[in-house]
Amino acid sequence: MTDFTLWDIVRNLLLAGRWTVVLSLIAFTGGAVVGLVLTLARMGGLWPVRWLIRLYVDLFQGTPLLMQLFLAYFGAAVLGFDVSAWTAASVALTLFTSAFLCDIWRGCVEAVPSGQWQAARVLGLNYLQSMRHVILPQALRLAVPPTVGFSVQVIKGTALASVIGFVELTKAGTMLNNAAFAPFTIFALVALGYFILCYPLSRYARHLEKKLYGAGIR
Amino acid sequence: MTLDFSTLLPYTDAILEGLVTTVWLTVVTTVAGIALAIVVAYARDGSREGPSGIVSRLLGAYVEVIRNTPFIVQLFFLFFGLPALGVSISATVAALLAMILNLGAYTAEILRAGIDSTLKGQHEAARALGLSRLQSFRHVVLMPAFSRVYPSLISQCIIVMLGSAVVSQISVFDLTYAANFIQSRNFRGFEVYLVVTLIYLLLAVGLRLAFEFVGRRLFAFRQGGSS
Amino acid sequence: MALVSVKDLHKSFGELEVLKGIDLEIEAGEVVSIIGRSGSGKSTLLRCLNQLEQHDWGTIHLADQRLDGTAMSPGELSQNVGMVFQSFNLFPHKTVIENVMLAPLVVKQTPREEARRIAEAVLAKVGMSEKVDAYPAQLSGGQQQRVAIARALAMNPKVLLCDEVTSALDPELVGEVLRVLEDLAREGMTLILVTHEMKFARDVSDRVVFMHQGRIHESGDPQTLFTRPRTPELNQFIASVL
Ligand SMILES: Nc1ncnc2c1ncn2[C@@H]1O[C@H](COP(=O)(O)OP(=O)(O)O)[C@@H](O)[C@H]1O
Ligand SMILES: [Mg+2]
């Protein structure tokens, strides 16, 4: 057993923590893009499209993220690719995020009172105009707090990439623990790292929600 | 490369064993986690004004820490960290503890939203009738609060069940552990994980149906006629 | 001594002084209507009477017992003072009879059969015997309010407080609730009612109290008060509600 100072541990965790942040950003950005396309397709599309997207959402929400990661990792091999843990984690987390965001955003569009549609239509706006000028701006306001809130789930989700060998904060913790054997300190620090990333986002989401609620929407 | 599921057949026993573990972990967690949440919600709700503000703060911290850290880290902390403090703990106990603490924190928060929303009038009526705070909580506030947040509660229990896949990482022989085990023998990772993922999906559907079945009986009072 | 005796009652919410020295004596069997503009402190007065709000200054005596913070337990208090709310506040997860039986069972620890007997009796009194096993959501507003009255009566209180109990009701349902209150008045129940039903206040009460800006501005027997108001404020108020 080598001697590790507290600073050694912290430094290594910080270095690995960068990859947690990067992976979170990739998953969230990718998930938002895919999720947006899915949301729009789901709202305007024909029933088979809507049905397929719903199935997609249910599949991702009804199965463990860990399994999704395993499937991305081993599924690529079946298709003949040899993918890195990086790629598998990015793809799985992006799809996972897109499914949840699609569900959240659909809820926001549906939460805009139907009277708004009617008011827009009697003013002579067509479907797209109603959507663009009346419905989406309101839905967007509703969507911000839960979307910020969900980013916390994405960050926490990246911890599972450690299981397929991606070295981020959690994996660095287990590796350090194997070498330094100070589990209590190390995992407390790992938890602290996630807390520092997630807690401000949670607070912000709650703040936004209160503001929205205070504005009398809902 | 083609898919071949036949190599899974010799391992049905392993899958069954894992399935049983996942199911019982989920059932125990659901019951104990909801019980924990009720206690936390009651203590937090009451101690806000009272002299025991410190209790409320501590419970608030517990809820926030759980909600803002990954389950897998909570699990490692309990399983590897506690023995380092001299508290030895088996993998199964660590898994159960982590799951219960996790569900308890989320459910306490869900429940609090249900209590806050519109139950003030009924709580006042109970107080005017002479019920103590605990009596009011138990007889008057709890059931309507649960019925109001029941959909969120169902989702949360499903999330915890799906999240329990992670306990395989501390060698609890659950469904995911079975999958890893089979994969390491037959090297058919994709097929194994596909089948096990489908089993999880069925479990999620089953859990939801069970909850809805119970909910229909528990919350029959909501189906009013005229109003 | 009077059944209810309020002396120099003060109550503030933060900076806002809502009750600015209320003196009020109510005899057993009396029916007193409290009228006044919204915000004049009527509800706050009632809520102080059963300690849903703690007053800041002054005294409240109930049947010769002082009622201050810890002097009377909530259980004792509820056997002296019953309250009916504007918004019914029935317990939605309990049937009609369970709503009525709850407080006798858990507060008074009445045996179940007796609690049921009491509940059936008070429900009969408010004309709700047919609906004992219905849930609140299955009842009309008027029926819910009658159950809420029965629920308060089940504790056999000495005085019943009613805070705008008909304000949340559709006009056609107001009558059935007022009739129940009228019956109670005739039976000698002590009633303190905050109400906007001026005809009811005039016909049923022994005394009307007009509150204005946290004070009792004028009070007296209904005939005199309504036909010959002494202050311009009451005059204006009467003109505005008739
Ligand atoms: N819990 C409270 N906190 C702060 N202000 C209150 C509270 N309850 C009542 N008030 C204020 O006290 C005043 C009197 O209210 P209330 O007694 O309800 O009047 P009324 O029943 O005559 O309409 C109002 O201005 C009201 O806004
Ligand atoms: Mg009022």
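**Three chains and one ligand: a walk through the model**

Let me begin at the ligand: ligand 1 is surrounded by a set of residues that belong to chain C, namely C:F13, C:L16, C:V18, C:R37, C:S38, C:G39, C:S40, C:G41, C:K42, C:S43 and C:T44. Before I go further, please keep in mind that this is a predicted model, and that everything I say about distances and areas is computed from it.

If we sort that shell by residue class, we find three nonpolar residues, six polar ones and two that are charged. Which elements of chain C each supply at least two residues of this shell? They are strand 2, covering 16-26, and helix 1, covering 42-49. Of the elements in chain C, helix 1 gives the most to the shell around ligand 1, contributing three residues.

Some of these residues approach oxygen atoms of the ligand, and I would like to take them one by one. From the side chain of C:T44, a polar atom lies 2.5 Å from an oxygen atom of ligand 1, and for C:S43 there is likewise a polar side-chain atom, here 2.7 Å from an oxygen atom of the ligand.

Two pairs of chains touch, and among them the most contacts are between chains A and B. Chain A and chain C, on the other hand, are joined by no contact, and their closest C-alpha atoms lie 22 Å apart.

A word on the two partners, A and B, before we look at their interface. Chain A has eight helices and zero strands, and its C-alpha atoms fill a box of roughly 75 × 45 × 20 Å when this is taken along the principal axes. Chain B also comes to eight helices and zero strands, while its C-alpha trace spans about 70 × 55 × 25 Å along its principal axes.

The contact between these two takes 34 residues from chain B and 36 residues from chain A. How much area is buried between chain B and chain A? The figure is about 3,000 Å², and carbon and sulfur atoms give 79% of it. On the side of chain B, the residues that lose the most area to chain A are B:N68, B:F77 and B:F190, which together make up 19% of what that side buries.

Turning to the polar side of this interface, there are four residue pairs in polar contact between chain B and chain A, counting pairs with both residues at pLDDT 80 or more. The count of salt bridges between the two chains is one, and here the side chains of B:E64 and A:R206 meet, with a distance of 3.0 Å from N to O. In chain B, at least two residues each of the side that touches chain A come from helix 2 (53-67), helix 3 (71-84), helix 7 (175-186) and helix 8 (189-218). Helix 8 of chain B has the largest share of that side, with nine residues. By class, the side of chain B that touches chain A holds 22 nonpolar, 10 polar and two charged residues.

That leaves the interface of chain C with chain B, where the contact takes 27 residues from chain C and 22 residues from chain B. These two chains bury about 2,100 Å² between them, with 63% of it on carbon and sulfur atoms. Here six residue pairs are in polar contact, again counting those with both residues at pLDDT 80 or more. One salt bridge is found across this interface: C:R47 pairs with B:E124, and the closest N and O atoms are 2.6 Å apart. On the chain C side, helix 2 (74-78), strand 6 (81-84), helix 3 (96-106) and helix 5 (141-153) each supply at least two of the residues that touch chain B. That side of chain C is made up of 17 nonpolar, seven polar and three charged residues.

Technical notes:
Residues numbered from 1 in each chain as written. Chains lettered and ligands numbered in written order. Heavy atoms only, no water. Near = heavy atom within 4 Å. Polar contact = N/O pair within 3.5 Å; in protein donor to acceptor, adjacent residues only side chain to side chain. Helix = DSSP H or I, 4+ residues; strand = E, 2+ residues; numbered from the N terminus. Nonpolar A, V, L, I, M, F, W, Y, C, P; charged D, E, K, R; others polar. Contact = heavy atoms within 4.5 Å. Buried area = accessible area lost by both parts, 1.4 Å probe. Salt bridge = Lys/Arg side-chain N within 4 Å of Asp/Glu carboxyl O.
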